[in-house]
Amino acid sequence: MTPDEYVEAVLDLVERIPEGRVMSYGGVADALSERSGRASARLVGNIMARHGGSVPWHRVVTAGGRLPPGHEREARARLRAEGVPLRGEGVDIASAAWSPDEGM
């Protein structure tokens, strides 16, 4: 998979995250690792920062539930509107995490 194909795969997967659910940067990387040969949460974060504006970027958070840096307020409002369970300043990952294995 070329770097451009990987960017598209990340964006396609993020597009599939259902309303009211989230994935971590590492979860996105892990879901694509077998196909892509890449498994870097940091790379997914960079892709989201550069190219994620056209997909539901607010549904991708850290493994601990922290919201996208620099966009916390907007992400929190969007997630709250979708009914995502929040805990403190972030997402309740245990309740809101989604995997592509679950389908839609």
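**Starting from a polar pair**

Tutor: The side chains of His58 and Glu82 are joined by a polar contact of 2.8 Å. Keep in mind as we go that this is a predicted model.

Let's take the His58 end of that pair. His58 sits in the loop that runs between α3 (41–51) and β2 (60–61). Is His58 buried or exposed? With a relative accessibility of 4%, His58 is buried, because the cut-off for that is anything under 20%. Leaving out residues up to four places away in sequence, His58 touches Ala75, Arg78, Leu79 and Glu82.

Now the Glu82 end, which takes us to α4. Glu82 is one of the buried residues of α4, along with Ala75, Arg76 and Leu79. These residues span an arc of only 130 degrees around the axis, so they sit on the same side of α4. Look to the other side of α4 and you'll find Arg73, Arg80 and Ala81, which are exposed. The buried residues of α4 pack against β3 (86–87) and β4.

Asp92 is in the loop between β4 (90–91) and α5 (93–96). The Asp92 side chain makes a polar contact of 3.5 Å with the side chain of Arg87. Asp92 is also buried, at a relative accessible area of 11%. Setting aside residues up to four places away in sequence, Asp92 touches Pro85, Leu86 and Arg87.

Val55 is buried, with 8% relative accessible area. What does Val55 touch, not counting residues up to four places away in sequence? You'll see Leu11, Val14, Glu15 and Met48 there. For a sense of distance, Val55 and Arg87 are 32 residues apart in sequence, and their C-alpha atoms are 24 Å apart in space.

Val14 and Met48 are among the residues with the most contacts inside the largest nonpolar core, as are Val10, Val28, Val44 and Val91. That core has 28 residues. At least two core residues come from each of α1, α2, α3, β2 and α4 (72–82). Helix α1 gives the most, with 7 residues. As a general point, nonpolar side chains in soluble globular proteins tend to be buried together.

Apart from neighbours within four places in sequence, Val10 is in contact with Val28, Leu32, Val44, Ile47 and Met48.

Tyr6 gives another view from α1, as this residue lies in that helix. At 1% relative accessibility, Tyr6 counts as buried. Beyond four places in sequence, Tyr6 is in contact with Met1, Ala29, Leu32, Ser36, Arg38, Leu43, Val44 and Ile47. Gly70, on the other hand, is 64 residues from Tyr6 in sequence and 24 Å from Tyr6 in space, C-alpha to C-alpha.

Several of those partners belong to α2, so turn to that helix next. Tyr25, Val28, Ala29, Leu32 and Ser36 are the buried residues of α2 (residues 25–36). Why can we say they line one face of the helix? Viewed down the axis of α2, they fall within an arc of 90 degrees, so one face is what they line. Asp30 and Glu34 are exposed on the other side of α2. As for what the buried residues pack against, the list is α1 (3–16), β1 (23–24), α3 and β2. The residue following α2 is Gly37, whose phi is positive, near 80 degrees.

Last, check how α2 meets α3. Their axes come within 8 Å and cross at roughly 105 degrees. That angle makes α2 roughly perpendicular to α3. On the α2 side, the contact is made by Tyr25, Gly26, Val28 and Ala29, while α3 brings Ala41, Val44, Gly45 and Met48.

Methods: Residues numbered from 1 in each chain as written. Predicted model: local features only at pLDDT ≥ 70, side-chain atom pairs only at ≥ 80, totals over all residues. Heavy atoms only, no water. Helix = DSSP H or I, 4+ residues; strand = E, 2+ residues; numbered from the N terminus. Buried < 20%, exposed > 50% of the residue type's maximum accessible area, 1.4 Å probe, protein only. Polar contact = N/O pair within 3.5 Å; in protein donor to acceptor, adjacent residues only side chain to side chain. Contact = heavy atoms within 4.5 Å. Arc of directions from axis to C-beta. Core = buried A, V, L, I, M, F, W, Y, C linked by side-chain atoms within 4.5 Å. Axes fitted to C-alpha atoms, helices over the stretch in contact; angles between N-to-C directions. Parallel < 35°, antiparallel > 145°, perpendicular 65-115°, else oblique.
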